[in-house]
Amino acid sequence: MNLKKIIQKYKDVIPYLFFGVCTTLVNVVVYWVCAHPFNFNIMVSTIIAWVLAVLFAYITNRKWVFHSEAKTRKEIIKEIVSFFGCRLATGVVDWACMFIFVKILGWNDVVIKFAANVLVIILNYIASKLLIFRKK
């Protein structure tokens, strides 16, 4: 299989993975800055990082990954609500991982943050593809 066919076959997955990595970096860097230099609580740092990462993800997913067809204000608002709703659900997975593995078990916070984000990226792709940015 040549490179052009591979790119065509995975035309949504490749940019999703790229922006997923970028979103993870936003999430982890913002978390680290909040939790370490600013010395915020682990859970507060996780929430701040999540909000900024979801904003970044919405913009990049809408424009460059799923090429949103939403044009009217109503369609865009519905899309944003769906996106943030699904991200809230997977955000709970992130928060639960941080709470269980860092707060309760005392594991390394940055390692767990990366691991939780791998799971979250997979869940978010499925939700985005099947629910949020599906083609009409």
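## Burial and overall fold

Of the chain's 136 residues, 38% count as buried. The model is a predicted one. Its secondary structure comes to 5 helices and 0 strands, and the order along the sequence is α-α-α-α-α.

The C-alpha trace spans about 45 × 40 × 25 Å along its principal axes. Contacts between residues at least 6 apart in sequence were also sorted by separation: 69% of them join residues at least 24 apart.

## Surface and charge

The chain carries 17 positive and 6 negative charges. The mean position of the positive charges and that of the negative charges lie 6 Å apart.

## Threonine 90

Threonine 90 belongs to helix H4, which covers residues 73–104. Is this residue buried or exposed? Threonine 90 has a relative accessible area of 8%, and the cut-off for buried is under 20%, so Threonine 90 counts as buried.

Which residues does Threonine 90 touch, leaving aside those up to four places away in sequence? The contacts are with Val120, Leu123 and Asn124.

## Summary

The predicted model is a chain of 5 helices and 0 strands, with 38% of its residues buried. Threonine 90, in helix H4, is one of the buried residues and touches Val120, Leu123 and Asn124.

Technical notes: Residues are numbered from 1 along each chain as its sequence is written. This is a predicted model: local features need pLDDT of at least 70, side-chain atom pairs count only at pLDDT 80 or more; totals for chains, interfaces and linings use all residues. Side-chain values use heavy atoms; hydrogens and water are left out. Helices (H or I, at least four residues) and strands (E, at least two) are DSSP runs, numbered from the N terminus. Buried means under 20% relative accessible area, exposed over 50%, partly exposed in between (1.4 Å probe, protein chains only). Contact means heavy atoms within 4.5 Å. Lys and Arg count as positive and Asp and Glu as negative; His and the chain ends are not counted. The place of a charge is taken as NZ of Lys, CZ of Arg, CG of Asp or CD of Glu.
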